[in-house]
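Let me put the structure up, and then I'll talk through a few residues.

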Amino acid sequence: KSSWADGLLDTRLALFFMDREDQQVAASLQDPVDPQRFILFTENAGSSNNYGAELEANWYPTDSLQFYTSLGYLQTEDGDYLYQDKYGNPVDLSGRELAHSPRWTYSLGMTWRNDMGWFANLNSSGKSAFYYSDSNDSRSEDYQVVNAKLGYEADKWSVYLWGRNLFDEKYGVRGFYFGNEPDQNWAEKQYIRYGDPRQIGVTFNVKFI
């Protein structure tokens, strides 16, 4: 942790390394005899190494204004990353990145708050592409989401107008790869669960104590 310019700027840098043996893998499998039946199971794989860095910074140009950012880098290296599914078939992910492990993550935002109680925040966050599962090679796409919040804060109450995913970004958070359509001979294809679309709302808080 470091502080610069008489406290106007503070930073934090973290480095990490993790070595895992007999790693547990959350996997799923479609029953080849009954395609409408799916099996969810946890299996032990081989080994993997994860390492990376996280950097955070806050800048306070005035008493009422704050800018903040964070940047994360993650490298996952699979060693002997091999396990068997429930039917004894080998699943070899050696040399592949782990699931839900984006190489880059970031956030960037600003907050303004004055002595009269007015408040405003604008922020953006994003991730690079990542694998959805350890059961298949289905991948997400890079994405970023922008949020905003405007409000008034008093001693006993507060009210906010907020918007999430303001640009209505369509982004996948989970992915599945299996056969689900009998008329297509149960051909395997990708199915994606998407994150929340654009949301606009108002929040009113009251303190009774």
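Predicted model: local features only at pLDDT ≥ 70, side-chain atom pairs only at ≥ 80, totals over all residues.

Residues are numbered from 1 along each chain as its sequence is written, and side-chain values use heavy atoms, with hydrogens and water left out.

So, Q75. You'll find Q75 in strand β6, residues 65-78; strands here are DSSP runs of E, at least two residues, numbered from the N terminus. Is Q75 buried or exposed? Q75 counts as buried, because its relative accessibility is 12%, and the buried cut-off is under 20% relative accessible area with a 1.4 Å probe, protein chains only.

What does the Q75 side chain pair with? There's a polar contact to the side chain of Y73 at 3.2 Å, and another to the side chain of R103 at 3.4 Å. Polar contact means N or O atoms within 3.5 Å, one able to donate a hydrogen and the other to accept it, and sequence neighbours count only if both atoms are side-chain atoms. Leaving out residues up to four places away in sequence, Q75 touches N49, N50, Y51 and R103, with contact being heavy atoms within 4.5 Å.

Now the backbone. A5 isn't a glycine, yet its phi is positive, about 50°. A5 sits in the loop between β1 (2-4) and β2 (9-21), and is exposed at 51% relative accessible area, exposed being over 50%.

D168 is another non-glycine with positive phi, about 55°, in the loop between β12 (157-164) and β13 (172-179). D168 comes out partly exposed at 38%, that class being what lies between the buried and exposed cut-offs.

Definitions and conventions:
Helix = DSSP H or I, 4+ residues; strand = E, 2+ residues; numbered from the N terminus.
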